[in-house]
Amino acid sequence: MNCYLFDAEIAARILLDQGQEHCVETSHGVLHVTVHGAGNVRRPAILTFHDVGMDSKSCFSTLFKFEEMQEIVKNFTVVHVDAPGQEDGAAIYPAGYQYATMDQISDMLPAVLQYFNFRTIIGVGVGAGAYILSKFTLTNPEAVEGLVLINVDTNARGWMDWAAQKLSNLTSSLSDQILSHLFSQEEMSANTELIQTHKERIAKAPNLINIELFWKSYQGRRDLNIERNNTFKCPVMLVVGDQAPYEEAAVECNSKLDPTTTSFLKMADAGGMPQLTQPSKLTEAFKYFIQGMGYMASSCMTRLSRSRTTSLSSSYSMEGSRSRSRTLSQGSQGGQLPPSPSHTMEVSC
């Protein structure tokens with residue numbers, strides 16, 4: 001009997017780790033969704049959306065399986081959404097298939113919330129996924145309690161970008177184009193194992209046609225026209241690596257958001273994929289963000305609060321003047337209060 005109970009416990013843990021996979025019908029096609037957790041109706045679900053050239057697993061597994069992230073995972077339902085045709089084992093779209101636009105993919109998300117009976121979410125998006133969640137939040141402000149946007153670019157491509165992309169299409173392979181989107185030139189020159197892994201994964205992907213369609217859809221995105229009087233109604237944390245190709249776009253986005261509800265986290269030594277290269281720092285910042293929203297108030301800040309060498313360089317946006325900054329030492333006495341939403345945090349540990 002004990003043996004059976006032990007086997008059942010192992011099976012339950014495996015199921016929890018792998019998640020429950022669902023196919024959700026929407027007005028613009030089917031979305032593959034993976035859900036972790038039994039559900040907590042009193043809290044928003046954490047809904048993620050990945051970048052181009054990735055799926056939910058390759059984009060978020062490192063972060064959400066990180067040891068210190070488990071405190072969050074145990075307290076929230078986590079929902080990973082794959083863009084149409086991007087999930088592992090997806091059917092190949094036929095020639096001439098009309099792939100969904102970024103706006104249409106955003107319009108698919110209400111069906112996901114309705115399918116699982118989620119009232120609200122905390123969105124976590126990277127690159128193209130950050131754009132999609134931004135669009136969804138602008139259209140459905142009542143459904144989003146918070147946003148974590150990594151490498152976000154809310155602008156449409158300019159003419160120079162369009163011309164450069166046309167030239168790149170003639171001279172570069174699809175995998176090289178996407179790699180230049182995911183990583184900075186410095187990272188590409190270093191040619192690390194991470195670069196090689198992603199290059200090989202994209203080049204050998206059986207659904208390469210689908211990946212190309214998603215890439216073209218993102219390249220054709222519209223300007224979201226975000227400004228102070230047309231912005232997010234929820235707390236936002238912008239995240240970008242100090243070597244990321246979209247650093248300038250993230251800084252520009254930050255300048256357009258409400259400084260009282262926006263945190264800007266620039267991560268040192270993070271590159272274009274902080275969720276993969278710096279999961280510990282990002283987890284800690286995410287905990288502060290959730291605490292600022294009123295959830296997990298008693299959560300213990302693990303790594304950053306123990307470190308006496310870590311500092312958060314915080315800038316307060318001031319209308320009509322340059323921002324002033326101060327350094328908050330997380331190893332000093334006086335408690336561990338989370339930074340207010342208006343702070344800019346530059347983590348260099």
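Is Tyr131 buried or exposed? Tyr131 is buried, with a relative accessible area of 0%; buried means under 20% relative accessible area, exposed over 50% and partly exposed in between, with a 1.4 Å probe and protein chains only. The model is predicted, so local features need pLDDT of at least 70 and side-chain atom pairs count only at pLDDT 80 or more, while totals for chains, interfaces and linings use all residues. Residues are numbered from 1 along each chain as its sequence is written, and side-chain values use heavy atoms, with hydrogens and water left out.

The chain contains 14 helices and 11 strands. These are DSSP runs numbered from the N terminus, with helices being H or I of at least four residues and strands E of at least two. Of the 349 residues, 52% are buried. The accessible surface of the chain is about 16,800 Å², and carbon and sulfur atoms contribute 51% of that; the areas come from the Shrake-Rupley method with a 1.4 Å probe, and for residues only the protein chains shown count as cover. Among contacts (heavy atoms within 4.5 Å) with a separation of 6 or more, 73% involve residues 24 or more positions apart.

Helix α2 spans residues 56-64, and its buried residues are Ser56, Cys59, Phe60, Leu63 and Phe64. They lie on the same side of α2 because they cover an arc of only 90° around the axis, the arc being that of the directions from the helix axis to the C-beta atoms. An α-helix has 3.6 residues a turn, so residues three or four places apart point the same way. The cover over the buried residues of α2 includes β3 (45-49), β4 (78-82), β5 (121-126), α3 (70-73), α12 (274-277) and α13 (279-292). At the start of α2, a side-chain oxygen of Asp55 comes within 3.2 Å of the backbone nitrogen of Lys57.

Helix α13 can be followed through two of its residues. Thr283 is found in α13 and counts as buried at 0% relative accessibility. Leaving out residues up to four places away in sequence, Thr283 touches Leu63, Phe66, Glu68, Met69 and Ile72. The C-alpha atoms of Thr283 and Glu71 are separated by 9.9 Å, although the two residues are 212 residues apart along the chain. Phe289 is also placed in α13 and is buried, with a relative accessible area of 8%. With the same exclusion, the residues that Phe289 touches include Ile122, Gly146, Leu147 and Pro235. Phe289 and Gly146 are 143 residues apart along the chain, and their C-alpha atoms are separated by 8.7 Å.

The structure holds eight aromatic pairs. Rings of Phe, Tyr and Trp (its six-membered ring) pair if their centres lie within 6.5 Å; planes under 30 degrees apart count as stacked, over 60 as edge-to-face and the rest as tilted. Phe116 and Phe118 are stacked, at 5.4 Å centre to centre with 20° between the planes, and both are buried. Tyr131 and Tyr218 pair edge-to-face, at 6.4 Å centre to centre with 80° between the planes. Tyr131 lies in helix α5 (residues 128-139) and Tyr218 in helix α10 (residues 208-219), so this pair ties together parts that are 87 residues apart in sequence. Tyr218 is buried, with a relative accessible area of 0%. The charged end of Arg221 sits over the ring of Tyr218, 4.2 Å from its centre; this requires CZ of Arg or NZ of Lys within 6 Å of the ring centre and within 35 degrees of the ring normal. Arg43 likewise lies over the face of Phe76, at 5.3 Å from the ring centre.

Technical notes:
A polar contact is a pair of N or O atoms within 3.5 Å; within protein, one must be able to donate a hydrogen and the other to accept it, and residues adjacent in sequence count only if both atoms are side-chain atoms.
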